[in-house]
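Here is a short note for a colleague opening this structure for the first time. Please keep the view at hand while reading the points below.

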Amino acid sequence: MRIAVLALQGAFAEHERILSELGISSFEIRQRPDLGRSFDGLIIPGGESTVQGKLLRELTLFLPLRDAIASGLPVFGTCAGLLLLARRIRNDDRAHLATMDITAVRNAYGRQLGSFHTEADFQGIGRIPMTFIRAPYIEEASGDATVLATVNGQIVAARQGNQLVTAFHPELDQDLSVHAYFASMIEKNMKTEWKAASAG
């Protein structure tokens with residue numbers, strides 16, 4: 001198994017550390033030719049969703065990645081990655097990859113709770129640590145999207161088919177379980193390695 005990590009901006013190195021601890025091979029996607037490498041899943045890290053969305057378009061990564069995700073490429077988005085995958089963002093007119101039937105609220109917790117740490121139950125895993133940094137939350141999960149975790153009544157993790165999102169940053173904690181959960185998603189759906197058809 002090899003997982004690509006979008007490395008345009010944000011906390012991509014932390015995801016690579018977690019994958020390494022799990023014994024999973026990874027590499028960084030920084031430009032269009034990187035899509036020519038074979039991989040089985042993609043991680044979109046936290047950071048700034050507007051910046052990442054802009055860079056995806058400028059570097060001509062946007063369309064091939066969106067098409068691959070829509071075609072079933074397993075993807076895991078944390079924080080900003082959640083916003084990039086959300087079909088709707090309540091307090092932002094922009095939509096990005098928009099492949100997941102969720103409505104998100106960006107910077108949802110305000111300044112007072114801009115960053116906080118808690119523990120909560122995650123469906124299929126159990127109780128895990130959760131670190132939030134200027135996090136969004138999911139206002140609504142519709143269609144085939146399933147809620148996996150809530151904190152104080154707000155949805156903070158969801159899954160739709162091969163797409164997984166968390167409002168929190170599991171890569172910033174020592175717990176490996178969310179990344180292992182994503183790896184198990186990939187294993188269950190692996191047929192052949194995915195490779196961008198137009199990576200030139």
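**Notes on the fold and selected residues**

1. Start with the contacts across the chain. Among contacts in the protein chain with a separation of 6 or more, 65% join residues 24 or more positions apart. Bear in mind that this is a predicted model.

2. Next, the overall build. The protein chain holds five helices and twelve strands. Its C-alpha atoms fill a box of roughly 45 × 35 × 30 Å along the principal axes.

3. Now the surface. Of the 200 residues, 55% count as buried. The protein chain exposes about 8,700 Å², and carbon and sulfur atoms supply 45% of that area.

4. How many positive and negative side chains does the protein chain have? There are 20 positive and 22 negative ones. The centres of the two sets lie 5 Å apart.

5. Look at helix α3, residues 62-70. Its buried residues are F62, P64, L65, A68 and I69. An α-helix has 3.6 residues a turn, so residues three or four places apart point the same way. What do the buried residues of α3 pack against? Their partners are the strands β1 (2-6), β3 (41-44), β4 and β12, together with the helices α2 (49-58) and α4. After α3 comes G72, with a positive phi near 115°.

6. Turn to E171. This residue sits in the loop between β12 (163-166) and α5 (177-189). Is E171 buried or exposed? E171 counts as buried, because its relative accessibility is 0% and the cut-off for buried is under 20%. Its side chain makes a polar contact of 2.7 Å with the side chain of H169.

7. Stay with E171 and follow its neighbours. Leaving out residues up to four places away in sequence, E171 touches A11, E14, H15, R17, I18, T78 and H179. I18 deserves a look: E171 and I18 are 153 residues apart in sequence, yet their C-alpha atoms are 6.4 Å apart in space.

8. D101 belongs to strand β6, residues 100-105. D101 counts as buried because its relative accessibility is 18%, and buried means under 20%. The side chains of D101 and R87 are joined by a polar contact of 2.6 Å.

9. Which residues does D101 touch, not counting those up to four places away in sequence? The run E140, A141, S142, G143, D144 and A145 is in the list. R87, R88 and Q160 complete the list.

10. Check the backbone at C79. Its phi is near 55°, a positive value in a residue other than glycine. C79 lies in the loop between β4 (75-78) and α4 (80-85). C79 is buried, with a relative accessible area of 5%.

11. N152 is not a glycine, but its phi is positive, at about 50°. The residue is in the loop between β10 (146-151) and β11 (154-160). N152 counts as exposed, because its relative accessibility is 72% and exposed means over 50%.

12. To view C79 and N152 side by side: C79 is buried, whereas N152 is exposed. Phi is positive in C79 and positive in N152.

Technical notes:
Residues are numbered from 1 along each chain as its sequence is written. This is a predicted model: local features need pLDDT of at least 70, side-chain atom pairs count only at pLDDT 80 or more; totals for chains, interfaces and linings use all residues. Side-chain values use heavy atoms; hydrogens and water are left out. Helices (H or I, at least four residues) and strands (E, at least two) are DSSP runs, numbered from the N terminus. Buried means under 20% relative accessible area, exposed over 50%, partly exposed in between (1.4 Å probe, protein chains only). A polar contact is a pair of N or O atoms within 3.5 Å; within protein, one must be able to donate a hydrogen and the other to accept it, and residues adjacent in sequence count only if both atoms are side-chain atoms. Contact means heavy atoms within 4.5 Å. Accessible areas come from the Shrake-Rupley method with a 1.4 Å probe; for residues, only the protein chains shown count as cover. Lys and Arg count as positive and Asp and Glu as negative; His and the chain ends are not counted. The place of a charge is taken as NZ of Lys, CZ of Arg, CG of Asp or CD of Glu.
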